[in-house]
Amino acid sequence: MEIKFIGTGGAFEPQYFNSAAILNFNNKNFLIDAGFTVYPRLLALNLLFKIDYILITHLHNDHSGSLANILLHKYFYQHGRKFTILYQSEKFKKQLEEFLVIQLKDTAKYVDFAPLEDISGISALDTFGLHSEGFQTYSFIFEEENERLVYSGDLGQTDFLFKHLQTLPACPTTVFHDITFDSQNKGHAHYTMLQPYQSQFKIFGYHCNPTENPQENTIPLVANQPNLIFPG
Ligand SMILES: [Zn+2]
Ligand SMILES: [Zn+2]
């Protein structure tokens, strides 16, 4: 499997584009998140029609703000064809439908929904309330033979995800985790909370402003890995 980010910024750092990625997994392309900069990025990179499935970690605007436009673009430019959103729970499917219906009116006309469990090798971890109080969020785990890739979504309490990963069968694991350099920011993982897990997992930080990266931080940033990002 191969992941490439189309943006690595935080909610208020559109200069680095909203955090989102395209994962090639079992020869399919999965778009992970669709924030407000993602639609123009997909067009600029000529990627929109290469996407097979859409996954959404949560409904904050920097992760879902251009979802409706992406769906409409495919419908209008590919003769009524639809994207499939893979939903990780019935309650989240309902939230996605409520979110989209105001913009699309006839949601079923523009998008198909399929349960994530239809695709083998992908699972979601329910991280409700661990990014923002009372707010539904998820992490995603992708597994292939002898390789595991984890996408945290926005997650302030890192122990929950890593404790879960420690219960899984041993397998080389790369974790893409949101990161903050501000110890007052409880919605995202402070780098000092990620560092203790570095001996066990290969970790990369995203969802940040790389110019604020302190010298003491040992977590490499996706923004600094040319092989992990589409060129800006
Ligand atoms: Zn975010
Ligand atoms: Zn968020």
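The legends below describe close-up views of a predicted model. In this model local features need pLDDT of at least 70 and side-chain atom pairs count only at pLDDT 80 or more, while totals for chains, interfaces and linings use all residues. Residues are numbered from 1 along each chain as its sequence is written, chains are lettered from A and ligands numbered from 1 in the order in which they are written, and side-chain values use heavy atoms, with hydrogens and water left out.

**View 1. The site of the zinc ion (ligand 1) has four protein donors.**
Asp-62 (OD), His-63 (NE2), Asp-154 (OD) and His-207 (NE2) lie 2.1 to 2.2 Å from the zinc ion (ligand 1). Donors are N, O and S atoms within 2.8 Å of the metal (3.2 Å for Na, K and Ca); water is not among the atoms, so sites may look incomplete. The angles among the four donor atoms run from 87 to 164°, and the site is irregular. Four donors count as tetrahedral if all angles lie between 85 and 135 degrees; four count as square planar and six as octahedral if opposite donors are over 155 degrees apart and all others between 65 and 115; anything else is irregular. Along the chain the donors have the spacing D-H-x90-D-x52-H. Distant parts of the chain are linked here: His-63 is in helix 2 (residues 61-64) and His-207 is in the segment after strand 11 (202-206), 144 residues apart. Helices (H or I, at least four residues) and strands (E, at least two) are DSSP runs, numbered from the N terminus. His-63 is buried because its relative accessible area is 0%, and His-207 is buried because its value is 5%. Buried means under 20% relative accessible area, exposed over 50%, and partly exposed in between (1.4 Å probe, protein chains only).

His-58 (NE2), His-60 (ND1), His-131 (NE2) and Asp-154 (OD) coordinate the zinc ion (ligand 2) at 2.2 to 2.3 Å. This site is irregular, with angles of 89 to 173° among its four donor atoms. The donor spacing along the chain is H-x1-H-x70-H-x22-D. His-58, in the loop between strand 4 (53-55) and helix 2, and His-131, in the loop between strand 7 and strand 8, are 73 residues apart. Both of these histidines are buried.

**View 2. His-131 sits in the loop between strand 7 (122-126) and strand 8 (138-144).**
His-131 counts as buried because its relative accessibility is 11%. Its side chain makes a polar contact of 3.3 Å with the side chain of Asp-154. A polar contact is a pair of N or O atoms within 3.5 Å; within protein, one must be able to donate a hydrogen and the other to accept it, and residues adjacent in sequence count only if both atoms are side-chain atoms. The side chain of His-131 also reaches the backbone oxygen of Gly-187, at 2.7 Å. Leaving aside neighbours within four places in sequence, the residues in contact with His-131 include His-58, His-60, Thr-137, Leu-155 and His-188. Contact means heavy atoms within 4.5 Å.

**View 3. Five strands form an open sheet in the order 7-8-9-10-11.**
The pairing in this sheet is mixed. Strand 7 and strand 11 are the edge strands, each pairing on one side only. The twist averages 15° from one strand to the next. Two strands pair if DSSP finds at least two bridges between them. Strand 9 (residues 147-151) and strand 10 (residues 173-178) run parallel and are joined by four bridges. Leu-149 has Thr-174 in strand 10 as its bridge partner. Helix 6 (residues 158-167) packs on the sheet and touches strand 7, strand 8, strand 9, strand 10 and strand 11; its direction makes about 165° with that of strand 10. Axes are lines fitted to C-alpha atoms, for helices over the stretch in contact, and angles run from 0 to 180 degrees between N-to-C directions.

**View 4. Strand 5 (residues 83-87) is mostly covered.**
Five of its five residues are buried. On one side of strand 5 these are Phe-83, Ile-85 and Tyr-87, and on the other Thr-84 and Leu-86. In a regular strand the side chains alternate between the two faces of the sheet. Strand 4 pairs with strand 5 in the parallel sense over two bridges, and Ile-54 stands opposite Ile-85. Strand 5 also pairs with strand 6 (residues 111-115), in the parallel sense over five bridges. Val-111 in strand 6 is the bridge partner of Phe-83.
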